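Dear colleague,

I am handing over the structure below, together with some notes on what was found in it. Please read the notes with the model open beside them.

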Amino acid sequence: MDTQRFTRQLMAGFGPGEQERLGGATVLVAGVGGVGGAATTYLAAAGVGRLVLVHPGPLEKPDLNRQTLMRPDRIGESRVVTAAETLGLHYPDVVVETWDRDLFDPVLPGLVAAADVVIDARHNFPERFQINRMCLDAEVPLVVAAMNATEIQLLTVAGDGPCLRCVFAEGDPDWDPLGFPVFGAVAGTVGCLAAMEVIKLVSGFGEPAVGRLLVADLWDLDVRTLSVARDPACVDCGFRRPSAGATRLDGASRR
Ligand SMILES: [Zn+2]
């Protein structure tokens, strides 16, 4: 590892040991659009060793207002491949694996299980619930980063904290799943917040926002952190994760 590259991020509570943990970590990023692209950029910059990028489909011109890993000469080509090329130029030490697939692809559960942390940067609830379930099944921490227009939401799912479905049982009908409006700076803001949550989860530095939902509207810069609790009747985690101190059931408790 090129340790000189990271000297400026060494601080109280984050030393060479924490840096080494980042270097040994695998982070799966589901969605490398505006949110996931920003998260991926700052994870690579921080020295995360391996990034697994999952995003289906080719780059389109309207993506360019927010997807800063992309380039206009790559319109029509795979987003994940272009993202990996850009990352390779800026951060040559990071290993980038690309999967031009959606989150329902059968390869996904294995990729999730092999990751240390997953970022959900998808914008539709069917895919977001899918990755939530896969992370619960594999007991892999999940950072949920979402935005719509000028609003952002961030939730870290780990340990005994609430999952995405505990907090949004039915999704959010007010958020347009397709063609949603987006400023790149809003997507980038929540992507950077997600990257910092991953850095904390992997290194042990700081306090991940488990059980706290960050909601912000950049319209008027209204930023709040709401306490959120597990729903014992949650269809995704209610029966998968026994309460603290209880013993997990084998087999029957898993899908
Ligand atoms: Zn839940």
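To begin at one end of the sheet, V215 stands opposite R224 in β8, while Q153 stands opposite V215 in β7. Please keep in mind throughout that this is a predicted model.

Strand β6, residues 151-157, is joined to strand β7, residues 212-217, by 5 bridges, and the two run antiparallel. On to β8, the pairing of β7 is again in the antiparallel sense, this time over 6 bridges. β7 and β8 form a hairpin, with 4 residues between the two strands, and in that turn L221 has a positive phi of about 55°.

These strands belong to an open sheet of 8 strands, whose order is β3-β2-β1-β4-β5-β6-β7-β8 and whose pairing is mixed. The edge strands, each of which pairs on one side only, are β3 (95-99) and β8 (222-227). On average, and with direction ignored, neighbouring strands of this sheet are turned by 15° against each other.

Next come the helices that pack on the sheet. Helix α3, residues 79-90, touches β2 (50-54) and β3, and its direction makes about 170° with that of β3. Helix α7, residues 184-203, lies across β1 (26-30), β4 (117-120), β5, β6 and β7, and runs at about 15° to β6.

Helix α7 also packs with helix α1, residues 16-23, at an angle of about 110°, the two axes being 8 Å apart. Since angles of 65 to 115 degrees count as roughly perpendicular, α1 and α7 are therefore roughly perpendicular to each other. In this contact E18, R21 and L22 of α1 meet I199, V202 and S203 of α7, and by class the contact has 3 nonpolar, 1 polar and 2 charged residues.

The last item, which may be of interest for your own calculations, is the largest pocket. About 420 Å³ of space lies in the largest pocket, and of the 21 residues that line it, those closest to its centre are R66, Q67, R122, H123 and F180. By class, the lining of the largest pocket has 10 nonpolar, 6 polar and 5 charged residues.

With best regards

Technical notes:
Residues are numbered from 1 along each chain as its sequence is written. This is a predicted model: local features need pLDDT of at least 70, side-chain atom pairs count only at pLDDT 80 or more; totals for chains, interfaces and linings use all residues. Side-chain values use heavy atoms; hydrogens and water are left out. On a 1 Å grid over the protein atoms alone, a cavity is a set of points where a 1.4 Å probe fits but cannot get out, and a pocket is an open set with protein on both sides within 12 Å along at least five of seven lines; lining residues have an atom within 4 Å of a point. Grid points are joined across faces, edges and corners, and a volume is the space filled by probe spheres set on the points. Ala, Val, Leu, Ile, Met, Phe, Trp, Tyr, Cys and Pro count as nonpolar, Asp, Glu, Lys and Arg as charged, and the others, Gly among them, as polar. Two strands pair if DSSP finds at least two bridges between them. Axes are lines fitted to C-alpha atoms, for helices over the stretch in contact, and angles run from 0 to 180 degrees between N-to-C directions. Contact means heavy atoms within 4.5 Å. Angles under 35 degrees count as roughly parallel, over 145 as roughly antiparallel, 65 to 115 as roughly perpendicular and the rest as oblique.
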